[in-house]
Amino acid sequence: MSTRKVLVAEDEMAHFELVKMALNRLNINDVTHAEDGAIALKHIEDATPPFNLIISDLQMPNMSGDELLLKVRQDKYHCEVPFIMMSALDSLNAAISTKDKGATIFIYKPVSVENLTRKIRTALSIDFQVDN
């Protein structure tokens, strides 16, 4: 998996570092960080080649993960890219809403590095999961 290019949209640095640790366990080192959805969208628009995976927090300033997801699903180069949404909201409605917008996996925070690593590993080949 070392040739994978991943975008992580996360406004909390501690959560970004956790995601980066999980990616590093899979030898994924080409990681772009965005502090909010608006910055992530700019990275997506500028990406050549496209990202292979997008991981986003649901609640962020300037543009939420939901808004980012909708924009990604409209982008001709990223519309089918696996998208992992993470949220501290313990809400089945949030998970269902995210699925309806096109997320591949929904993960509740806090999440362990081990569990996140498993979800990243499988993100490229599954439809949708809600992880408790």
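Me: How many bridges join β1 to strand β3, and which way do the two run?

Reply: Two strands pair if DSSP finds at least two bridges between them. Here four bridges join β1 to β3 (residues 53-57), and the strands run parallel. A9 stands opposite S56 in β3. The model is predicted: local features need pLDDT of at least 70, side-chain atom pairs count only at pLDDT 80 or more, and totals for chains, interfaces and linings use all residues. Residues are numbered from 1 along each chain as its sequence is written, and side-chain values use heavy atoms, with hydrogens and water left out.

Me: Which way do the side chains of β1 point?

Reply: In a regular strand the side chains alternate between the two faces of the sheet. In β1, K5, L7 and A9 point one way and V6 and V8 the other.

Me: What joins β1 to β2?

Reply: Five bridges do, and β1 and β2 (residues 30-34) run parallel. The chain crosses from β1 through helix α1 (residues 13-25) to β2, and this β-α-β crossover is right-handed: with the strands pointing away from the viewer, the path from the first strand over the helix to the second runs clockwise.

Me: What pattern does the chain follow along the sequence?

Reply: Helices (H or I, at least four residues) and strands (E, at least two) are DSSP runs, numbered from the N terminus. The chain has five helices and six strands, in the pattern β-α-β-α-β-α-β-α-β-α-β.

Note on methods:
Buried < 20%, exposed > 50% of the residue type's maximum accessible area, 1.4 Å probe, protein only.
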